[in-house]
Amino acid sequence: MMYQEPSKSPWGKVQTYDMLCPGVFLVSTASHGGTMVSKEVTAFLSPAAKRCGFRCGGYLCFEEDTQEEVVLRELLDKKLWKIPERIRDKAAFEENINRSVKRYNPEYWRARQSGLEAAQAARREAPARLTER
């Protein structure tokens, strides 16, 4: 599927963009920027992540200074994006993402942690159910 790169954003005319993965654009304008997620890719985001963004022109948009890390966290969790090779300390980069999410989007962080805990519990219970048969 081909995704149309955005020429306009809620922050103004797009000057440059990086495609993090198909349908997810990190955009810069003259004064601001953020991440724009196409409606097709929005389907992969958690409900908690969707609540952190706002809709504009067929995209779900995330402010660069407070919400962008929510998209990065979601893409990393779903293995749709990898931290670029140019970033040497990937663990520190990921911890910075987590720190920002915890600070600016605590509701999203709590929902993510609850989901991770539920998934871990389900994985622990699955082998027990198989051996009970």
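Predicted model: local features only at pLDDT ≥ 70, side-chain atom pairs only at ≥ 80, totals over all residues.
**Entry 1: the pocket**

I started with the lining of the largest pocket, and its largest share, three residues, comes from β3. I took a pocket as an open set of points on a 1 Å grid over the protein atoms alone, with protein on both sides within 12 Å along at least five of seven lines; lining residues have an atom within 4 Å of a point, and the probe is 1.4 Å. Helices (H or I, at least four residues) and strands (E, at least two) are DSSP runs, numbered from the N terminus.

Residues are numbered from 1 along each chain as its sequence is written, and side-chain values use heavy atoms, with hydrogens and water left out.

The volume of the largest pocket came out at about 180 Å³, which is the space filled by probe spheres set on grid points joined across faces, edges and corners. I listed the lining as Asp-18, Met-19, Leu-20, Leu-26, Glu-68, Leu-72, Trp-81, Pro-84, Arg-86, Ile-87 and Phe-93. Both β3 (16-21) and α3 (68-77) supply at least two residues each to that lining.

**Entry 2: the whole chain**

Next I stepped back to the fold. I found five helices and seven strands in the protein chain, running in the order β-β-β-β-β-α-α-β-β-α-α-α along the sequence. Along the principal axes, the C-alpha atoms fill a box of roughly 60 × 30 × 30 Å.

I looked up how much is covered: of the 133 residues in the protein chain, 40% are buried. Buried means under 20% relative accessible area, exposed over 50%, and partly exposed in between (1.4 Å probe, protein chains only). The chain exposes about 8500 Å², with carbon and sulfur atoms supplying 52% of it; areas come from the Shrake-Rupley method with a 1.4 Å probe, and for residues only the protein chains shown count as cover.

For contacts (heavy atoms within 4.5 Å), I kept pairs at least 6 apart in sequence, and 44% of these join residues at least 24 apart.

I also checked charges. There are 22 positive and 18 negative side chains, and the centres of the two sets lie 3 Å apart. Lys and Arg count as positive, Asp and Glu as negative, with His and the chain ends not counted; each charge is placed at NZ of Lys, CZ of Arg, CG of Asp or CD of Glu.

**Entry 3: α3 and what follows**

Why is α3 largely enclosed by the rest of the structure? Because nine of its ten residues are buried. I wrote them down as Glu-68, Glu-69, Val-70, Val-71, Leu-72, Arg-73, Glu-74, Leu-75 and Leu-76.

After α3 comes Lys-79, in the loop between α3 and α4. Most residues other than glycine have a negative phi. Lys-79 is exposed, with a relative accessible area of 73%.

Ile-97, in helix α4, is buried at 2% relative accessibility. Setting aside residues up to four places away in sequence, Ile-97 touches Glu-69, Leu-72, Arg-73 and Leu-76. I also looked up Ile-97 against Leu-26: they are 71 residues apart in sequence and 15 Å apart in space, C-alpha to C-alpha.

Is Phe-62 buried or exposed? I found Phe-62 buried, at 0% relative accessibility, in strand β7 (residues 59-63). Beyond four places in sequence, its contacts include Trp-11, Leu-45, Ala-49, Cys-52 and Val-71. The C-alpha atoms of Phe-62 and Cys-52, ten residues apart along the chain, are separated by 7.1 Å.

Cys-52 turned up again around Asn-105, which touches Cys-52, Thr-66, Gln-67, Val-70 and Ser-100, residues up to four places away not counted. Asn-105 lies in the loop between α4 (90-104) and α5 (106-132) and is buried, with a relative accessible area of 4%.

My last stop was Ala-48 in helix α2 (residues 47-50), buried at 9% relative accessibility. Leaving out residues up to four places away in sequence, Ala-48 touches Tyr-108 and Ala-111. Ala-48 and Glu-107 are 59 residues apart along the chain, yet their C-alpha atoms are separated by 7.5 Å.
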